[in-house]
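Please read the points below with the model open beside you.

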Amino acid sequence: MNVAVPEESLVQGGRLGRLVIARLKPNEDIIDSAEALCKDHGIHLAVVRGGLGSLIDGQLSYLGRQGMIQVHVEGPGVEILSVSGEILSGESRLQAVVADADGKLYAGRLERGKNLTFITVELTLQEWLPD
């Protein structure tokens with residue numbers, strides 16, 4: 001059975017390294033804070049193992065049929081239900097599932113500078129050491 005692999009795909013070998021568990025303070029951008037955590041701990045590349053907490057407002061995007069769609073989730077108190085992705089200084093990509101105060105769910109890529117911690121966000125990051 002032949003399986004076509006798109007040219008955009010990249011397979012990278014490596015291993016997991018140190019684990020960083022942190023609580024973000026109010027009004028901190030989740031992406032900028034995750035990058036700062038990695039820098040403070042000398043981590044070049046990390047994967048997000050988990051996260052929870054709340055955002056003041058949520059700003060997500062996703063690729064629709066007509067291009068990138070921006071979604072604003074009105075707060076305050078947008079709950080993070082799931083977060084995943086990778087942290088690489090200036091190039092981080094985080095995806096999340098969030099819920100507004102009415103329990104309506106939204107999913108997409110978190111936009112840098114537009115997802116500020118409300119009360120607290122707790123993140124678990126793990127270093128990725130490529131071969």
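How many helices and strands are there in the protein?

1. Overall make-up. The protein has one helix and eight strands, where helices (H or I, at least four residues) and strands (E, at least two) are DSSP runs numbered from the N terminus. Read from the N terminus on, the order of the elements is β-α-β-β-β-β-β-β-β. The radius of gyration is 16 Å, close to the 14 Å that the globule rule gives for 131 residues, so the protein is as compact as a globular protein of that length; the radius is taken over C-alpha atoms, and the rule is 2.2 Å times the number of residues to the power 0.38.

2. Basis of the values. This is a predicted model, in which local features need pLDDT of at least 70 and side-chain atom pairs count only at pLDDT 80 or more, while totals for chains, interfaces and linings use all residues. Residues are numbered from 1 along each chain as its sequence is written, and side-chain values use heavy atoms, with hydrogens and water left out.

3. Extent and burial. The C-alpha trace spans about 45 × 40 × 25 Å along its principal axes. Of the 131 residues, 37% are buried, that is, under 20% relative accessible area with a 1.4 Å probe and protein chains only. Among contacts with a separation of 6 or more, 69% are between residues 24 or more positions apart, a contact being heavy atoms within 4.5 Å.

4. Strand β2. This strand covers residues 45-55 and is mostly covered, since eight of its eleven residues are buried. β2 pairs in the antiparallel sense with strand β5 (residues 78-88) over seven bridges, and there valine 48 has glycine 85 as its bridge partner. β2 is also joined by eight bridges to strand β8 (residues 117-130), again antiparallel, with threonine 117 of β8 as the bridge partner of leucine 55. Two strands are said to pair if DSSP finds at least two bridges between them.

5. Glutamine 59. Leucine 110 lies 51 residues away along the chain, yet the C-alpha atoms of glutamine 59 and leucine 110 are separated by 6.1 Å. Leaving aside residues up to four places away in sequence, glutamine 59 touches Gln70, Val71, His72, Arg109, Leu110, Glu111, Lys114 and Asn115.

Technical notes:
Buried means under 20% relative accessible area, exposed over 50%, partly exposed in between (1.4 Å probe, protein chains only).
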